Structure formats: C-alpha cells, structure tokens
Amino acid sequence: MLKKYSTVILALLLPLQIALLQLLKYSTQFVEQWYSLGLYPWIGKISRTLWGWVPFSVGDIFYVLIVILAIRWLYKNVRRLKFEPAKVILEIMANVSVVYFMFYFLWGFNYYRQPLHTSLEIGNDYTTEELISTTKRLIAKSNEMHRQLGYPDSVKIDIIRDQKEVFKSTENSFQNLGEVYPTLALEHRSIKKSTWSLGLTYMGYSGYLNPFSGEAQVNGLIKTHKFPVVSCHEQAHQLGYAKENEANFIATLATLKNDDPYIQYTGYIFALRYCVNEVSRRDSATYDQLLTTINPGILESYKEMREFWDSYNSPFEDFSKGFYNLFLKANNQPQGIATYSYMVALVVNYFEDRAF
C-alpha cells in the first residue's frame, strides 16, 4: 500500500516540477545566488572528489546500467500495458520524476542562472565595426603566436601535447583564471576521455558533462587543436555554466590564461574562428578580405577539423543534434544550438578594452 501511494505521489510531482522549473526563467538572480554560487559548488566538489580519481568513466557505466534496467523493466512489464495501463504509466512517470529531479538538483538548475555577461560585468551587444576590429586583433595575435611556436606561416600546427598532458595542463588554466575571477577557479579535477568516443563522434559531439557523476568527458578521437579548448569547455560545465556559448567563452579565457603558449594558441584560433564566421554573416566582402590575412597554416587547422567531422558524418548526427537542440530550447536557450552570436558578443565586449 505504501509503495502504491509513493508511486502516485512521485508521478504527480513530475508535472509540478516541470511547472516550477518554468518559473525559474524569471528568477535568475535567485538561482545564481542560492544554487549556482551557493549549493552547486559543494555538489560539484563532492562529485568530483568521489569519482575524479577513478581512471575510467563512472558516469558512462551508470548510463549503461540505466539502459539495461530500463530494457529489463520493459521486458517484464510490457504485457501489463494491456491489462493495467494506468498503473504502468504511473510507474513510468514516477521513475522519470526521480531522474528529472536528480538531473536538475545535481546540475541542471544552472541552465537558469544569470547570464555570464552580467556576472562578468561586460556588455552583450556589439556593432559590426567592433566585431571587425576585434577580429583583426585576433588575426594579428594568432599569426604572431603561430610564428612564436616556431612554425612557418603556411604550416599547420599539429597537436604537440599528449592528451593526458593537456588534461593536466588545464589545471593551470583554471588556477590562473581563478585569480582574476574567483568563481571560475576549479577545484578537485575530474576530467577523462569518454569510453564512448566513437559514438560521440558519429553523433557530432566533442564531449559532454555527466550531470550525475560530475565527470567531464572529452572525445578522445579529437587529435587536433580543438582538444585543449574542448577540455576547458567541459570543465566550464563543471563550474556550473550549463549554456554552450558561455562554456565556450570560459574555455577561451581558460586557454588564454594558461602558461603554455601552445594552449594559448589553441584558444586564440578558437575565438578567431567564431569571430570570422560572424563577420561572414554580416559583411561577406570584409570576410573575404580578412581570410587573406590569416596564416594559411591556421586555415589548414580549421580545414582539418571540418574534414574530421565530415569523415564521421551520419544520419544519426542529425537526429542527435535535433534532439539536443530541442533540449536546449526547453532549458532556457531559445536559440538552441545556434547561439554563436552571444559567444562572439562576449569575446568582443571582453577584449574591447583589454590587450591580448
């Protein structure tokens, strides 16, 4: 009898949770103060301390167990749908309700925190002229660093750090970044190559954060200039920055703050790619002119990244990206995956009065 009532209560809590979550869209300051900067940092530290030392992905094993248990449950209960459909639906809702709560409690509420530009106290709008000016500065700095690393302008810089070495090096990124912005300091590391890197690649993803274990997962097949940036991006999610564009910007800052010139270089050409692409959308003539000023070796790095993803292109990627796009829109990101302009706005406004 007790189990029956608990199932009904949990099932009824699901629509209530969904309704309450919508209210958080209008309470970003509350979420920022009490969850993102209050409760969540403790949750994150505990998760990373518990599982960070394990050499393999605990979260990936958790997902496998969930799938196995779900298949087992369906196998045992599918026939009940014919005779007691209401009871089966309630049980499904009850289980979804628990997972739904755990997802948002352990990490997901961060989707409803204040925008990053507010906490960093910078603007979130820019003119085409400001965009072009910042892009030209990024081109000059990227070309300069390309030469400082000892490569001719026409030569692509291959990844010159072992992936484990990159993981270790990013600790320095967040230490230095934390000296400028204390809330961006990351303690208790938990970053690993994903067990499912091949599957991630076919789905078109560079990495992900497991919200249940707090582990940052990086696609181990990415052996290009993007690997350091992706590593910092997933650790930005660990800091509680759920939105992709904000994690991209934090990854940019983290790589630029690293003591290793190579890690810095990957951050500069990452930010440059975003800005150049935005210029192409606003002013195609200027875009064509700017391309001629970028070292051919840098353009070859971009080409290498495109060819990498093209070689794994599949219909499953379109499905997974479509699903993820809907998920983001349901979680306070109305533009879904297409949020490039905000990343560029953060870059332009942050560097407007700062030297590279």
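Predicted model: local features only at pLDDT ≥ 70, side-chain atom pairs only at ≥ 80, totals over all residues.
**Helix 12.** At 1.5 Å a residue, its 22 residues should span 32 Å, and the end C-alpha atoms are 32 Å apart, which agrees. The expected span here is 1.5 Å times one less than the number of residues. Helices (H or I, at least four residues) and strands (E, at least two) are DSSP runs, numbered from the N terminus.

Next I asked how many residues of helix 12 are buried. The count is 16 of the 22, so helix 12 is largely enclosed by the rest of the structure. For burial I used relative accessible area: buried is under 20%, exposed over 50%, and partly exposed in between (1.4 Å probe, protein chains only).

**D260.** What caps the N-terminal end of helix 12? I found D260 there, with a side-chain oxygen 2.9 Å from the backbone nitrogen of Y262.

D260 is buried at 14% relative accessible area, while R161 is partly exposed at 24%.

**Salt bridges.** I counted a salt bridge when a side-chain nitrogen of Lys or Arg lies within 4 Å of a carboxyl oxygen of Asp or Glu. The whole structure has 15 of them. One network links R80, E84, K87 and E91. Within it, E84 bridges to R80 with the closest N and O atoms 2.7 Å apart, and to K87 at 3.5 Å. I looked up their accessibility too: R80 is buried at 18%, E84 is partly exposed at 28%, and K87 is partly exposed at 46%.

**Second largest pocket.** I then turned to the second largest pocket, which holds about 700 Å³ of space. Its lining has 16 residues, with I66, A70, N95, V96 and V99 nearest the centre. Helix 3 (58-77) and helix 5 (85-106) are the elements that give two or more residues to this lining, and helix 3 has the largest share, eight residues. By class, the lining has 14 nonpolar, one polar and one charged residues.

My pocket terms: on a 1 Å grid over the protein atoms alone, a pocket is an open set of points where a 1.4 Å probe fits, with protein on both sides within 12 Å along at least five of seven lines, and lining residues have an atom within 4 Å of a point. The volume is the space filled by probe spheres set on the points. Ala, Val, Leu, Ile, Met, Phe, Trp, Tyr, Cys and Pro count as nonpolar, Asp, Glu, Lys and Arg as charged, and the others, Gly among them, as polar.

**Positive phi.** Most residues other than glycine have a negative phi. E121 has a phi near 60°; it lies in the loop between helix 6 (116-120) and helix 7 and is exposed at 73%. H188 also has a positive phi, about 60°.

**Ground rules.** Residues are numbered from 1 along each chain, and side-chain values use heavy atoms, with hydrogens and water left out. Local features need pLDDT of at least 70 and side-chain atom pairs pLDDT 80 or more, whereas totals for chains, interfaces and linings use all residues.

Technical notes. Polar contact = N/O pair within 3.5 Å; in protein donor to acceptor, adjacent residues only side chain to side chain.
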